[in-house]
Structure formats: structure tokens, C-alpha cells
Amino acid sequence: MELLKIQQIIKYYGSRSNLTKAIDDISFSVDKGEFVAIMGASGSGKTTLLNCISTIDRPTSGSIFLDGEDITSLKGRQLNKFRREKLGFIFQDFNLLDTLTASENISLALSILKKPAEQIPPAVKTVAEQLGISDVLDKYPYQMSGGQKQRVASARAIITEPKLVLADEPTGALDSKSARQLLERFTYLNSELDTTIMMVTHDSFTASYASRVIFIKDGKLFHELSRGSDSRKQFFDKIIDVVALLGGDVSDAL
Amino acid sequence: MLFKLPLLNIKRSLRDYAIYFFTLLIGVAVFYVFNAIETQTAYLDVSKVTDDFIKQMNTILSAVSVFVSVVLGMLIVYASRFLMKRRHREFAIYLTLGMSKTRVSAILLFETILIGLGSLAAGLVIGVGLSQLMSAMVVNLFEADMTSFKFTFSGSATVKTIIYFGLMYLVVMIFNSISISRCKLIDLISRGRRSEELRLRSPIVSIVMFFAAAAALGWAYWRVGWSKAPLTNNVILVCIVIGSVTTYLLFRSVSGLLLRAAMSRKRSYFRGLNCFTVRQISSRINTMVLSMTIICLMLFVTICLLSVSFSLRRTLNEGLQKYCPVDFEISYYDKTEGGLKSCEDVFRAAGYEPEDYCDRHVSVTMYGGGVKVEDLMGSHLQEYTEIEQNGIFVVPSGSTLPAYTVSEYNALLDLRGTDDERISLKDDEFAMLCNVDDIMPVFDKALADGTEIEFNGHKLKNAYDKCVDGFVLISVSRGNPGVIIVPDKAAEGAKVMYEHYSGMYSETGKKAKRKADERFLAAFEDAFKDFNTDSVLGGDGEEPADKYAGELTKLQLGDESIGVGAMGTFLALYIGIVFLISSGAILALKQLSETADSTTRYEILRKIGTDERDITRSLFRQTGIFFLLPMLLACIHTAAGMKFSKRLFDFFIKEGFVSSMIFTAVIILLIYGGYFLITYFMSRSMIRGRSDR
């Protein structure tokens, strides 16, 4: 079932005389329950794409449908409503509120949805178990490791049961062990809870956890890989091959 | 570059500097306005008494100006250091680019000079404008005649303002250069990124501290306001120290307590942004306990000063109308051999007829007669002495109560023309006359017991079972601590203490009365020129001279109360406004910088889809509670402080208290509320500044 449909979106920056095409006619779609990675070098337009989907930015032209609704036409208060009800965010730098404890950070996502207070603590408990952070719930962000922080951020993203979880370089600030733990959690969320995840990364290893990888170069769709029945190692090798084609700068990131 | 950078810097950080500049501006303007009063009062057409008060007031105002400049100086140093801290990264960039520290200091110096000159010039312009309003107030408060509006400009106040503020800016420059020359590059770079370490105190410690502090404060309140035990200076000092320390402790513990209380109410804690708001507030209070304490105490002093001074003027005015119903009063005795018996005789002897200066006049004689306080009080003496020790104005225990005859007292009432109760006594009766509210109930108790007194060999019993509310001598307040009224027969042959000679001028109208007063005083001076006139009028203390005469006129009393009222109002306004802008500025600077540090938090909230409305509501609550908290405690302090001051000067602060409270509230609302609004709107634009749409 098609959840997200991107139709010929274009995003230009700058003026007529000095135009930068961040996204130049990209179309693809994501099905419900998929785990998609978007890969590309820095400046390829992948973050712009993510910003357009997350309604933080608005494309110059084209449409984005989520669950059949054209989100590029949303305005003002509708945008915030859409963001908090339909989407979950995971950022490279966690974006946790440093004044709140882990459990408060997670519960905030529910309380701004005006969920009844008595439902919140049990929900936090459940999601914390799913992400393996039950023991850090009462800690403040500065008392946690990077991996724990990112899992708390992930818990905040999925607790509202969003249609789509958007992750922007989720492993970017993590060491390899924490990164692996986090990605295993993503796989678990995707396979067991049927969460649809869309992740932007320039790291092939991270991308290899996805079920599909979309490559972007200079604002255009470059290639697409599906994992199919491959093992993660085989899929990783395939990704590496494409990355080699993409150009030097991405492989550097390995 | 030396000139361009500072200009650009100021332009760029205009938002940070706006509050600073605004505060300097008000500071300069207020300083000018109050120092210009001297010039404005110089040309006022007022009586000699008022003129003396004006001179005295100007001396006090310029002394207070020194204090004010110290307060403002500290505020400026605090604010500029605070703004400096926010710019450490910028300095780090200059230094890494190879700029010398001297150079950075020079840039700062130039910035300070720019801001200083700007604020001085603008502040003086505003000050001159405001001082025109002030001159209307001066005329009004001193009840002088305002013939026509005259634009006043005070050169001396201008020069003084420039010198004082110049000095303050100089201090700021020195501080800035010292702090630049001392700092290390690594500190400058890393300080910008310090992560917020939240030290959460153990909840039990917070709760214990809070309630212990509240209990101590409660005790101090009770001690100064309600307890009957005597108040010595030491006790008051201890209570002030307790008040200040507990204020600190309350602010220190309140954030923890607040947090716990909010968290325990799960339903509201998990609603919307409440948990974020509560956390923000509690961390902010935690980081500025000391500033909050100082602000709270400054607000407390301000509220007390303003409300007391506004009601003081009114009280004195109304008191004058009520308790000074005659135009003049001379207290007189002549114990020399062959001395004249009465005031009137002295006037006549000097060639003045009563018709020369007045229309109606009456003499009352004050007798000794040997009734001591103890004789009257009986078993209630203990209570009486306790009140006496509390500093209430009473007839000292052990001394004789003054006595007047009933016919003379009633004649005095006739002269006053007021509808006070006339006293009627049988030959074996007496009445007690008093109007000091604290002591009246005690007299009432003693009288209810049916005490008998022996006056001049006559046994007298009380005719009324209560004190009669009244007075003999004129004043501006309820100041009769107790006299007895005896039948005329009983006073025959009693020891004469004084003769009080009062009268009314025949003239009516303000100007005519003033003239009559002058003529009367001239006659008095002339007729009583070989009398001692500087004695303290009292019960039966030592009599300092054989011939004594002291005069008091309604206009003198009026001028005095005008002077006292005006002086109080000006001083209170001066100090109050300076304290208010200091508190407002400190809170505003703190709040704005906290908001600047928190912009990322609001970004996060926005990213996870929080409604803009919820975010601004949270910001409003944060700012509101931040400003309200010290004000709240200050108001509670004030309630106790008022009770205390009521106890101290009981016969003051009574009339028009509500209206003076309203006036105080308006002034506070204007200045403090102004700072709050500016802060709120500026922080709102700050957190909105970064969002793209």
C-alpha cells in the first residue's frame, strides 16, 4: 500500500541570476511498512528532500502525498498539526530538550497531542522497553551516552504512532557500536511494529539496514536498490558498488 | 576599523542592548529630574517654614543622589558585564584573528563611549521634558501659586548628571578592560558552549528548607507586626536579617518545591507544554537566587516607601483639618514675682488689643494637681507600661496627668465650633480625655473599674465609663495621650502649670489669613520678647525658665505638613523609581539572555510539531512567573511591614491608605509592568526570529 508519493518535486534556491537546484525533478513512492534509506553526498539534496517531506521546507513545485493528502498545500497551524500527528522525527544531533528527563522528553510528544495524562506514563514505559532505554528514563540528556540519547529521540518519534518516521543522519553523531544498536532497533521497529521509516544518510553501513536504498546525486534520482532476499552483508556490498559510481566523496565517508 | 566595528556591533546586538540603553535612559532622566527640583523650587513663592523645608529637602535629595548613583552604577556595571559575557565568542574571534587585547579593549571602550553619550544626550532631553511635569508637581505639592507655565532648564542638574554618569561609565570601562585583559582565549571559546548542568537539589532538602524559611519568616513577621512584646532596635535588626536570609532561602528552595508540586499533579504536568514550562522556570530561578533576593527586597522597600509617603501627605493634611481647629495657640507661664497672670495681659501691656489680631479667643489653664498615671491605672498598670515600652506616645508612667477644668474645656470647644461632645460633670466627678488609639482601651478598662482619684484634695469618681475622644492642644494627628477634666470647684487653688491661649483670626480666605498670621506672629514676638520661647512643652517635667511662652499657628503646622509630605513624596519617588528600574532591568536582561540560550529548545518544540500558540503561551507564563515571583514575596513582606509601621507611627498611616496603595500599584505597574511587557515581546520575537515560516 502506497503511503508516501513524491511527484516531480523541484526545489530551487537563490534568485533568477544565481539559481541553485537543490532538488531537480524527483519522483518516487514509499509503501507502508517499508524501511527506506536515501543516500547521497553532501550537497546532493537529500536533506532538502527530507525537509520538504517533513514540511519544514516547501518545494518550489511538485506535490508530496502522504496517505493521499497533498502536504505541500498545508499552511500555518495545519502544518504543525500534520507534523505532530503524522510524522516522527529523529535528528542527527538528537534535539532532546536538555532541561527535561528522558521520560519527559518522550512524553512531550504525547502531551502536545493533548493525550489524556493517565495514558502517557504507560505509553512511555512500553516504548522505552521496545527501545531498551527503561533504565535511563529518569536521567537528563547530559547524563546519557550518544546512543542512549538517540534511542530516547527515537522513542519520542515513534510514541505517537506516526504514519512515517523521518530520520536525518541518525547515526551521524554515534560511535559504531551505538550506531549498530540503534539500527537494530530500527529494524525491530520496522519488522515487528510495522513502522514506516525513511532515513537519510551518507553512510553505506547505515543504509545497509534498510530494505530499499534510493541514491541521489546533484538533486536527481541516481539509482535505486532493493534488498530483496539478500543478507545484510550482500546488500552492503551492492551499496558500496553504487557509492563507488556516485563519486569519491561519498565513499570517503566509509 | 576601530570606529566601524563598535557601530556595527551595537547595531547587530541592538536587541541585547535595547534594554540596557532603555534603562540608562530612564536612569539619566530620573537623575536629572530630581536634581532639577532645586532649580525649580528656587523661584517658588512660599512661606518661610516651607522654604526651610525646601532647602532641607534639596540637601537630602542631593545626598540621596549619591546613593542613587551608587545603585545605578552597580546596575550599569552588572548589565555591561552581563552583555560582555554574551559576547565572549565574538571576542574570541577577534583574538584568534590576531587582534591584540588592547585593541579589543579599545573597541569596547569606544562602544561604551558611544552608548554613554547616546544615553546621556537622549536621557537629558527626556529628563528636561519630564521635569516640566515635575515642576507642576512641585508647585502642587508645596501648594505654591502657579501663575503661569514657565519652561525650566537646570544647568546645574545637567552638569551634575553628566559628571555622575560620566564617572559611572568610567567605572564600566575600567571593569571591561580588566576583564578583557584577564581572560584566556580557551575560556572565551569554550564558554559559549557550556552545557547546562542542572543541579537538582534533593527534594527533601528543598522542602525542609522551604518550610523552615517560611516558619522563620512567619516568626519575624509576627514579632514585628503582631507580637505585644517590646520592640528594641536589636529585635528589629534581627528581624530584618531574618527577613533577608529567609527571602534568599525561599528563592533557593522554591524551584525544587515548585517542580515537585507540579510533577505530583500528573494530570496537569503532562498537559501541553506544562512540563517544559515548569522545568524552564525552575532552572531559571535556580540560576539567579541571589538576584531574585535583591530584587524582592528592592521591590519591598519601594512599595513601602511609595505607599507610606503618598498616604503621609494626605494624613497630615486631613489631620491638620481635624486636629488643629484653631488659628493659633500660645502656651504661657510667668513664675516671676509680679508676673502677669495671663497671655492677654501681656499683649495688652505691650499695647496690643486682642481685636488687633483676632476675633475670638479663649484661655484654658493646665493644672498639676497630683494625679499620677499609677493612681488612675490601678491593676492595669502592667498593661500600660507594656504599651509605653512599645514606643507608643503616652504620658510617662510616674508623672502627673495634666488637668483642665470643664468650663474652660467646653469654652474651647465653643471656640473651635466643632460638634465634639461637651462634657458635663458633677462636683465629685472627673472625665478622661484622650485620642491615642493604642492607649485608649487601657484607660477604658481602668475607668470601667470605677477608679477614684484624688485631685487637689478632692475625691473624684469618673463620670463616664470610657475615655472621651478629644484633645486640648493642637497638632496634626491624634496626639493627646491623656488629660483629665475636673469640675471647676475642684481646681480652685490647684497648681497652675500653663495657660493655653487660643484664638481665631477674623479674616477668611487663604491670603488674608496668611497676612493675619504674620501680623499675629509679629505682635507675639514683640509682646513676649523677654520670654523664653524655646522650651519643650510637656507635662510637669523640669521647667526650664521662669517666663515661658511658645506659639504655634495653624499655618505653621500646615506649612510643616506640606513640607514633610512633599519631602516624603519626592524622596520615595526618587528611590522607588530607581529601585524599580533596577529590578526591572536585571530581570529583563536575565530573561532575554536565557531566551537567547533557549532558542534551540523552541526550535526543537517547533520541529516536533508544537503549536505556535502553545509556545508563546509557555513563554508568556515563564516570563510572567519570573517577574511575578519576587513581586509576590515583596507584597507579602509589605503586608507585614505595613503592620509594623502602623505600630510604629500609629497616628500616621490611616487616612487614604487605599488610594495611596492604588497610586503605588499604578506606578509599579507602569515601570515594572513595562519592563515585563518589553521583555515578553522581545523574547517572543527572539524565538520567532529563527523560524523560516
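1. Chain B splits into domain 1 (1-194) and domain 2 (328-556), with bounds from an automatic or database domain assignment. Their centres, taken over C-alpha atoms, sit 55 Å apart. Bear in mind that this is a predicted model, where local features need pLDDT of at least 70, side-chain atom pairs count only at pLDDT 80 or more, and totals for chains, interfaces and linings use all residues. Residues are numbered from 1 along each chain as its sequence is written, chains are lettered from A and ligands numbered from 1 in the order written, and side-chain values use heavy atoms, leaving out hydrogens and water.

2. On the overall layout, chain B carries 23 helices and 10 strands (DSSP runs numbered from the N terminus: H or I of at least four residues for helices, E of at least two for strands). Its C-alpha atoms fill a box of roughly 100 × 60 × 40 Å along the principal axes.

3. As for burial, 53% of the 693 residues of chain B count as buried (under 20% relative accessible area; exposed is over 50%, partly exposed in between, with a 1.4 Å probe and protein chains only).

4. Now for helix α6 (residues 155-182) of chain B, which holds B:Ile174. B:Ile174 counts as partly exposed because its relative accessibility is 47%.

5. B:Glu594 belongs to helix α21 (residues 554-607) of chain B. With a relative accessible area of 14%, B:Glu594 is buried. Leaving aside residues up to four places away in sequence, B:Glu594 touches B:Arg284 and B:Thr287 (contact means heavy atoms within 4.5 Å).

6. Contacts again: of those in chain B between residues at least 6 apart in sequence, 86% join residues at least 24 apart.
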